[in-house]
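Have the model open as you read.

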Amino acid sequence: MKDLNISLLFDCYGECLSDKQREIFDYYYNEDFSLAEVAENLGITRQGVRDFVKRTEQQLLEYEAKLGLHAKTVQLKALCEKAKENPEELPKLFDLIDNF
């Protein structure tokens with residue numbers, strides 16, 4: 001089963017990946033191709049595609065563990081929603097944003 005969180009990490013860190021990683025990831029996650037379909041399109045084995053996908057997933061998780069950009073984006077969006085709902089609390093929210 002494909003993990004939506006991995007797709008979100010790809011949105012954050014996709015440009016850090018190689019062209020080949022992005023291509024395989026795009027087919028598998030974004031175009032929803034099976035491993036066999038990706039393999040057929042690229043002329044490699046199904047196992048090769050699976051290994052590539054697993055390594056790419058691990059790399060994206062490592063980027064997030066080190067940089068935390070996705071988590072910070074989620075937190076920032078939540079703060080923006082709070083600001084919309086309670087504009088009078090905006091000064092407190094700015095203090096929270098300063099702590100990012």
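This is a predicted model: local features need pLDDT of at least 70, side-chain atom pairs count only at pLDDT 80 or more; totals for chains, interfaces and linings use all residues.

Residues are numbered from 1 along each chain as its sequence is written, and side-chain values use heavy atoms, with hydrogens and water left out.

**α1 and α2**
- Helix α1 (residues 4–13) packs on helix α2 (residues 19–30) at about 140 degrees, with the axes 11 Å apart.
- That angle makes α1 oblique to α2 (under 35 degrees is roughly parallel, over 145 roughly antiparallel, 65 to 115 roughly perpendicular, the rest oblique).
- From α1, Ile-6, Ser-7 and Phe-10 meet Arg-22, Phe-25, Tyr-29 and Asn-30 of α2 (contact means heavy atoms within 4.5 Å).
- By class, that contact has 4 nonpolar, 2 polar and 1 charged residues.

**α2 and α4**
- α2 also packs with helix α4 (residues 46–67), at about 105 degrees and with axes 10 Å apart.
- So α2 is roughly perpendicular to α4.
- On the α2 side the contact includes Ile-24, Phe-25 and Tyr-28, and on the α4 side Phe-52, Val-53 and Leu-60 are among the residues involved.
- Sorted by class, the contact of α2 with α4 has 8 nonpolar, 3 polar and 2 charged residues.

**The loop residue Asp-32**
- Asp-32 sits in the loop between α2 and α3 (35–42).
- Its phi is near 60 degrees, a positive value in a residue other than glycine.
- Most residues other than glycine have a negative phi.
- Asp-32 counts as exposed, at 55% relative accessibility (buried is under 20% relative accessible area, exposed over 50%, partly exposed in between, with a 1.4 Å probe and protein chains only).

Notes: Axes are lines fitted to C-alpha atoms, for helices over the stretch in contact, and angles run from 0 to 180 degrees between N-to-C directions. Helices (H or I, at least four residues) and strands (E, at least two) are DSSP runs, numbered from the N terminus. Ala, Val, Leu, Ile, Met, Phe, Trp, Tyr, Cys and Pro count as nonpolar, Asp, Glu, Lys and Arg as charged, and the others, Gly among them, as polar.
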